[in-house]
Amino acid sequence: MNPNFKRILKKYPCLFILSAFLICNIIYIFILNKSHFTAYAQNSIPITSYEELLKIKENPSGNYILMNDLDLSGKNWIPLTFTGTFDGNGHSILNVTIKETGTVTRTSYDGNMKTYDTVFCGFFDILEEEAVVSNLNLINIRADITCDTPCFIGGIAGYMDKSSIKDCTISGNLSLKTTANMFGVGGIAGFGNGTIDRTNADMTLICIDTNKIEKNEQFLGGAYATGYIGLGDCNVTVNGFVSDYGYVHNGGLVGMFALYPAGTQYTSYITNNHIEGVISFFEDNEDRRAYCAEYVGEVLNWSYDWGGCTANFTRDEHYDYDTVLLPDMCENPQYNKTVTESSDEQYGYTTYTCSQCGYSYTDNYTLYQSDLKAIEDAKKESLAAANPTQASTNSITNKTDSAQLNNDTSTDSLKIVIYVITALLILIIITMIIVNIYLRRQRYHKKNYYKKKRR
């Protein structure tokens with residue numbers, strides 16, 4: 001061993017021990033447990049299970065990060081009012097089913113600036129106070145709502161106010177049947193203001209008016225129904241169906257673009273978006289306007305940035321007002337199903353195809369095979385360890401979720417090898433730097449010593 005290195009080691013042993021310890025821990029955090037480091041760095045609360053997801057209601061202003069995919073099959077999701085940050089971390093929530101609106105109301109406006117006390121529905125019913133939802137995938141979200149009060153449905157949020165949605169993906173089916181005078185459905189959001197950026201949506205949207213006497217204000221948009229929400233760099237696929245006896249406002253991107261809140265002045269934007277799809281509708285109204293366009297159904301405020309949008313869109317107007325428009329128009333549909341099993345690279349799903357009209361849709365998504373195996377192993381271990389007469393569903397679920405997280409963060413032999421080699425390399429580099437500094441100091445002192453001796 002180099003004598004200089006021996007002197008350094010003897011003089012600074014604690015430095016070397018501490019350096020090695022810190023290096024190993026840093027490497028572990030970044031290489032082996034990156035998602036947990038992200039949660040720590042953002043001071044976020046990790047979510048690993050359905051039960052932890054529900055706890056957001058106890059602290060709706062918190063910062064949360066999703067640590068693994070979740071399957072909500074068989075559970076009825078009740079929309080959350082949220083004011084914090086939710087980072088999906090690139091993970092997905094499958095099979096969200098919603099059968100009721102949130103209970104909190106906000107004021108919405110129609111095209112005449114008439115106000116309505118409105119309820120909302122979505123994965124979040126309300127996003128406000130600069131709430132942020134990012135990097136979240138909602139796969140196969142389904143809302144089937146019957147409501148007699150003003151209502152807006154959006155896939156991610158029913159209502160937005162000074163909030164943002166970015167880098168998300170959503171697919172599913174949203175349906176609203178109502179007698180209200182004001183209502184709408186949007187693929188990503190329902191109503192409000194804020195921003196939606198770099199978010200992809202592939203949605204089937206349905207609005208059914210059951211009040212043939214009173215004229216209503218109806219809104220449907222592939223991205224959002226109505227409001228003044230900035231929309232940029234989004235890809236939207238919409239399959240819309242509207243049966244209405246009032247005034248329709250339908251758009252491939254936005255049903256109606258109108259300043260909100262009323263009385264304010266600021267610039268929004270609709271830029272660099274692409275729309276694919278069709279909206280089938282009827283407007284049974286003598287004073288008909290029949291707003292339906294590829295980008296925006298009706299524009300009330302033109303003070304916004306516009307440009308770079310493209311479309312492959314069909315405006316499909318019907319004049320048979322006695323037949324409600326639906327994706328499946330068969331009176332007695334007969335469905336055949338085809339199951340596509342999941343793999344380690346893609347989710348599984350079931351395809352339902354009507355043998356009469358050929359209409360098909362996908363449902364019942366399943367997690368990756370690796371996740372399913374971890375869940376099954378956890379169930380076996382739980383059943384083996386517990387008394388069968390005392391085992392509860394909740395305990396099994398908790399152990400299942402824990403096993404899934406452990407599976408996601410477990411290390412294999414290759415990672416261990418990378419860990420050890422990288423730690424050694426970094427330690428060697430630091431050691432060489434310290435030795436070099438020491439030698440340079442020795443040369444400096446030696447040089448000064450001879451200078452003084454000559455004098």
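**Entry 1. Ground rules**

I am working from a predicted model, in which local features need pLDDT of at least 70, side-chain atom pairs count only at pLDDT 80 or more, and totals for chains, interfaces and linings use all residues. I number residues from 1 along each chain as its sequence is written, and side-chain values use heavy atoms, with hydrogens and water left out.

**Entry 2. The seven-stranded sheet**

I looked up the open sheet of seven strands and noted its order as β8-β9-β13-β16-β19-β22-β26, with mixed pairing. Strands here are DSSP runs (E, at least two residues), and helices are DSSP runs too (H or I, at least four residues), both numbered from the N terminus. I count two strands as paired if DSSP finds at least two bridges between them.

β8 (106-109) and β26 (291-293) are at the edges; each has a single partner strand, so one side of each lacks a neighbour in the sheet. From one strand to the next the twist averages 20 degrees. Such angles run from 0 to 180 degrees between N-to-C directions, with axes fitted as lines to C-alpha atoms (for helices, over the stretch in contact).

Strands β19 (residues 217-221) and β22 (residues 247-251) are parallel and share five bridges. Glutamine 218 has valine 248 of β22 as its bridge partner.

I next asked how many residues of strand β18 (residues 200-209) are buried. Eight of its ten residues are, and the strand is mostly covered. By buried I mean under 20% relative accessible area, by exposed over 50%, and by partly exposed anything in between (1.4 Å probe, protein chains only).

Strand β15 (residues 169-178) pairs with β18 in the parallel sense over ten bridges. In that pairing leucine 174 is opposite leucine 205 in β18. β18 also pairs with strand β21 (residues 235-244), again parallel, over nine bridges. There, isoleucine 206 has phenylalanine 241 of β21 as its bridge partner.

**Entry 3. Strand β17 and its partners**

Strand β17 (residues 189-197) is largely enclosed by the rest of the structure, because eight of its nine residues are buried. Seven bridges pair it, in the parallel sense, with strand β14 (residues 157-166). Serine 163 has glycine 194 in β17 as its bridge partner. β17 runs parallel to strand β20 (residues 224-232) as well, with eight bridges joining them. Alanine 189 is opposite tyrosine 224 in β20.

**Entry 4. Nonpolar cores**

Which residues have the most contacts inside the largest nonpolar core? I found Leu53, Ile165 and Ile196, in a core of 74 residues. Strand β12 (residues 137-147) supplies the largest share of this core, five residues. A second, separate core has 13 residues, including Tyr116, Phe120, Ile126 and Ala225. A core here is a set of buried Ala, Val, Leu, Ile, Met, Phe, Trp, Tyr and Cys residues joined through side-chain atoms within 4.5 Å.

I then listed what leucine 53 touches (heavy atoms within 4.5 Å). Leaving out residues up to four places away in sequence, its contacts are Ile47, Leu70, Leu72, Trp77, Leu80, Phe86, Ile93 and Phe123.

**Entry 5. Isoleucine 270**

Isoleucine 270 lies in strand β24 (residues 268-271). It counts as buried because its relative accessibility is 0%. Its contacts, not counting residues up to four places away in sequence, include Leu231, Leu253, Phe257, Tyr304, Trp306 and Cys309. Isoleucine 270 and tyrosine 228 are 42 residues apart in sequence, with 9.8 Å between their C-alpha atoms.

**Entry 6. The three-stranded sheet**

I noted an open sheet of three strands, ordered β30-β31-β32, with antiparallel pairing. β30 (335-340) and β32 (360-366) are at its edges, each with a single partner strand, so one side of each has no neighbour in the sheet. The twist averages 20 degrees from one strand to the next. β30 and strand β31 (residues 348-354) pair over six bridges, and lysine 337 is opposite tyrosine 352 in β31.

**Entry 7. Helix α5**

Helix α5 (residues 369-385) has 17 residues and spans 24 Å from first C-alpha to last, close to the expected 24 Å. The expected span is 1.5 Å times one less than the number of residues. Its buried residues are Asp371, Ala374, Ile375, Ala378 and Ser382. They are on the same side of α5, because they cover an arc of only 100 degrees around the axis. The arc is taken from the directions from the helix axis to the C-beta atoms. The face turned away from that buried side carries the exposed residues Lys373, Lys380, Leu383 and Ala384.
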